Amino acid sequence: MHKLLVAVALLYLSLSAQVLAGPGEDADAAYARGDHAGALKIYQALAAQGLAPAQFNLGVMHDFGQGVAKDPVQAIRWYRAAAAQGHGGAQFNLGGMYFDGLGVAQDHVRSYVWFTLAAAAGAPGASRNRSALAKAMDATQMEQAQRLLRECQARNFAGCE
């Protein structure tokens, strides 16, 4: 009986994953072939459901003007939504947006925090960016960054802005 329950549970999970993956895969395929309008429509529907990868992809599309007008403020909005769910790529991109002051005021303290969170999530290049940024920050900025980082982690990425 236990093996049957496990088999049924595994079948349910695999079917659920396929249903959830389907629209995301369709959006990714549309994006890859340059159908940004088609990808945008699907990503918007998935992002409205709270799916971090779709939110991240909408951030990228607004960041680079793919299928929409280039809009760093909207990019920040979508990156924040995905980053709050622990999406390393979104955290990395927020670090870059704060570093460059795109869509937000330039803020090396917040940039350092987001690069640190992205590094913890395994985002490639985040550790390197954080280290380079740390060399340019003074002791007061580092103290602020460490405090903000602790607060952000304690609130599970909420209120990191």
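The structure is a predicted model. Two packed helices are described by the angle between their axes and the distance between the axes, and the helix pairs below are presented in those terms.

**Helices α5 and α6**

- Helix α5, covering residues 88-100, packs on helix α6, covering residues 108-120, at an angle of about 160 degrees, and their axes lie 8 Å apart.
- Because angles over 145 degrees count as roughly antiparallel, α5 is described as roughly antiparallel to α6.
- The crossing in which α5 passes α6 is left-handed, and the residues of α5 that make the contact are Gly88, Gln91, Phe92, Leu94, Gly95, Gly96, Tyr98 and Phe99, while α6 contributes His108, Arg110, Ser111, Trp114, Phe115, Leu117 and Ala118.
- By class, the contact of α5 with α6 comprises 8 nonpolar, 6 polar and 1 charged residues.

**Helices α3 and α5**

- Helix α5 also packs with α3, here at an angle of about 30 degrees and with the two axes 10 Å apart.
- Since angles under 35 degrees count as roughly parallel, α3 is roughly parallel to α5.
- The crossing of α3 and α5 is left-handed, and in it Phe56, Val60 and Asp63 of α3 meet Gly89, Ala90, Asn93 and Met97 of α5.
- The residues of the contact of α3 with α5 divide into 4 nonpolar, 2 polar and 1 charged.

**Helices α2 and α3**

- Helices α2 and α3 pack at an angle of about 140 degrees, with 8 Å between their axes, and that angle makes α2 oblique to α3.
- Helix α2 passes α3 in a left-handed crossing, where the contact is made by His36, Ala39, Leu40, Tyr43, Gln44, Leu46 and Ala47 of α2 together with Ala54, Gln55, Asn57, Leu58 and Met61 of α3.
- The contact of α2 with α3 has 8 nonpolar and 4 polar residues, and no charged residues.

**The largest pocket**

- The largest pocket holds about 160 Å³ of space, and its lining consists of 10 residues, of which Gly24, Leu46, Leu51, Pro53 and Ala54 lie nearest its centre.
- Helices α1 (2-32), α2 (36-48) and α3 (52-64) each supply at least two residues of this lining, with α1 giving the most, at 4 residues.
- Sorted by class, the lining of the largest pocket has 6 nonpolar, 2 polar and 2 charged residues.
- Leu46 and Ala54, which are among the residues nearest the centre of the largest pocket, also take part in the contact between α2 and α3.

How values were computed: Residues numbered from 1 in each chain as written. Predicted model: local features only at pLDDT ≥ 70, side-chain atom pairs only at ≥ 80, totals over all residues. Heavy atoms only, no water. Axes fitted to C-alpha atoms, helices over the stretch in contact; angles between N-to-C directions. Parallel < 35°, antiparallel > 145°, perpendicular 65-115°, else oblique. Left-handed = near helix turned anticlockwise from the far one by under 90°. Contact = heavy atoms within 4.5 Å. Nonpolar A, V, L, I, M, F, W, Y, C, P; charged D, E, K, R; others polar. 1 Å grid on protein atoms, 1.4 Å probe; cavity = no way out; pocket = protein on both sides within 12 Å on 5 of 7 lines; lining within 4 Å. Points joined across faces, edges and corners; volume = space filled by probe spheres on them.
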